[in-house]
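Here is a short note to read beside the model. Keep the structure open and find each residue as it comes up.

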Amino acid sequence: LLTLERSINTVLPPDLKARGDQYVKDEFRRHKAVGSDEAQRFLQEWERVYATVLLQQANENRQNSTGKACFGIFLPEEKLNDFRDEQIGQLQELMQEATKPNW
């Protein structure tokens, strides 16, 4: 997991890296009391899907330097229905933070 995270950090634009680092710190603070089973499921899902997609998108953005970098995936409604209200709120916060102009 750390190798994957380091790979992502090397290809992200500096402003996205800083936002991502801060978001991860905040997430760890919010979830200090989470059980080990839930933490393990989260890390497996993150590594299997999201980190892999992010790394792929970062590499594509690096190769296509003609425009602004684009990151993210479409979440279908059936996937959103699997989230708890708290998670939906976190997604909204993340979207707002990610779509702010530059820091």
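1. Start with Leu 80, which sits in helix H4 (residues 77-80). Helices here are DSSP runs of H or I with at least four residues, strands are E runs of at least two, and both are numbered from the N terminus. This is a predicted model: local features need pLDDT of at least 70, side-chain atom pairs count only at pLDDT 80 or more, and totals for chains, interfaces and linings use all residues. Residues are numbered from 1 along each chain as its sequence is written, and side-chain values use heavy atoms, leaving out hydrogens and water.

2. Buried means under 20%, exposed over 50%, and partly exposed in between (1.4 Å probe, protein chains only). Together with Leu 91 and Leu 94, Leu 80 forms a nonpolar surface patch of about 190 Å² accessible area. Patch members have over 30% relative accessible area and no salt bridge; nonpolar side chains (Val, Leu, Ile, Met, Phe, Trp, Tyr) are joined within 5 Å, like charges within 9 Å.

3. Now the whole protein. It has five helices and zero strands. Of its 103 residues, 12% count as buried. The accessible surface is about 8200 Å², with 55% belonging to carbon and sulfur atoms. Areas come from the Shrake-Rupley method with a 1.4 Å probe; for residues, only the protein chains shown count as cover.

4. Look at Gln 90 in helix H5 (residues 85-98). Gln 90 is buried, at 12% relative accessible area. Which residues does Gln 90 touch, not counting those up to four places away in sequence? They are Tyr 23, Glu 27, Arg 30 and His 31. Contact means heavy atoms within 4.5 Å.

5. The structure holds three salt bridges. Each is a side-chain nitrogen of Lys or Arg within 4 Å of a carboxyl oxygen of Asp or Glu. One joins Asp 26 and Arg 29 at 3.1 Å, N to O. Both lie in helix H2 (residues 14-30), three residues apart, about one turn of the helix. Asp 26 is partly exposed at 27%, whereas Arg 29 is exposed at 51%.

6. Glu 93 and Arg 30 form another bridge, at 4.0 Å, N to O. Glu 93 lies in helix H5 and Arg 30 in helix H2, so the pair ties together parts 63 residues apart in sequence.

7. Arg 84 and Glu 38 also meet in a salt bridge, at 3.9 Å, N to O. Arg 84 lies in the loop between H4 and H5 and Glu 38 in helix H3 (residues 36-63), so this pair ties together parts 46 residues apart in sequence.
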